[in-house]
Amino acid sequence: MIRARIGVSGIIQGVGFRPLIYRLATTRDLTGYVANTAAGVTIEIDGSEQDLERFVLSINNEKPPLASIDQLHVEKSEIDPAVKHKSFEIHASIASGNRIGPITPDTDVCDNCLTEFFDPEDRRYLYPFINCTDCGPRYTLIEITPYDRPLTSMKHFPMCEQCRAEYIDPLDRRFHAQATCCPI
Ligand SMILES: [Zn+2]
Ligand SMILES: [Zn+2]
């Protein structure tokens, strides 16, 4: 059993990078965690040598459209299967030192959001602040890195029940979308 500690830096906060890592790990039955740090993202993951190699390759191949990876550093160590992580989780951010990571830019509205915007049945119909993991404001909202809702101007707006349900659903486009909001 191998444990890999993977440090990633670049524009990877607020672009659906942690949700991607969550999906890549859980679809392969790998366990561990992913967390934002001030400088990027840290992943700890347990599995066989071969599983971990494929996992790292898939990070590069499947990275989200708005993400750009500058550096990816892998450190492997042998572990006792008894201490293996039991599940894969998205952890709260790890505060580390004073480094400030690259700040993700704002991007214009994506096609999925536009479709919702013009759908009278959608709760975000004509809602000007519509956004998702693939689009919307980042730079404008960020007060300090890591990019997490409590460290942005969104901290003043608690999520409604529906927004929260989307935020915690790994299959939803707004899974861990920090700027998610709606008229409610
Ligand atoms: Zn969008
Ligand atoms: Zn809402």
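Donors are N, O and S atoms within 2.8 Å of the metal, and water is not among the atoms, so sites may look incomplete. In this predicted model, the donors of the zinc ion (ligand 2) follow the spacing C-x2-C-x18-C along the chain. The model also has a largest pocket of about 310 Å³ and a second largest pocket of about 170 Å³.

**Zinc site**

- Three cysteines supply the protein donors of the zinc ion (ligand 2): Cys160 (SG), Cys163 (SG) and Cys182 (SG).
- These donor atoms lie 2.2 to 2.3 Å from the zinc ion.
- Cysteine 163 is in helix H4 (residues 161-167), while cysteine 182 is in the segment after H4.
- The two are 19 residues apart, and the pair links distant parts of the chain.
- Cysteine 163 and cysteine 182 are both buried.

**Largest pocket**

- The space in the largest pocket comes to about 310 Å³.
- Its lining is made up of 21 residues, of which Tyr127, Phe129, Met154, Ala179 and Cys181 are the closest to the pocket centre.
- Sorted by class, the lining of the largest pocket has 17 nonpolar residues, 3 polar and 1 charged.

**Second largest pocket**

- The second largest pocket holds about 170 Å³ of space.
- It is lined by 15 residues, and those closest to its centre are Gly16, Arg23, Thr133, Asp134 and Arg173.
- Helix H1 (residues 17-27) gives the most to this lining, with 3 residues.
- By class, the lining of the second largest pocket has 7 nonpolar, 2 polar and 6 charged residues.

Definitions and conventions:
Residues numbered from 1 in each chain as written. Chains lettered and ligands numbered in written order. Predicted model: local features only at pLDDT ≥ 70, side-chain atom pairs only at ≥ 80, totals over all residues. Heavy atoms only, no water. 1 Å grid on protein atoms, 1.4 Å probe; cavity = no way out; pocket = protein on both sides within 12 Å on 5 of 7 lines; lining within 4 Å. Points joined across faces, edges and corners; volume = space filled by probe spheres on them. Nonpolar A, V, L, I, M, F, W, Y, C, P; charged D, E, K, R; others polar. Helix = DSSP H or I, 4+ residues; strand = E, 2+ residues; numbered from the N terminus. Donors = N, O, S within 2.8 Å, 3.2 Å for Na, K, Ca; no water. Buried < 20%, exposed > 50% of the residue type's maximum accessible area, 1.4 Å probe, protein only.
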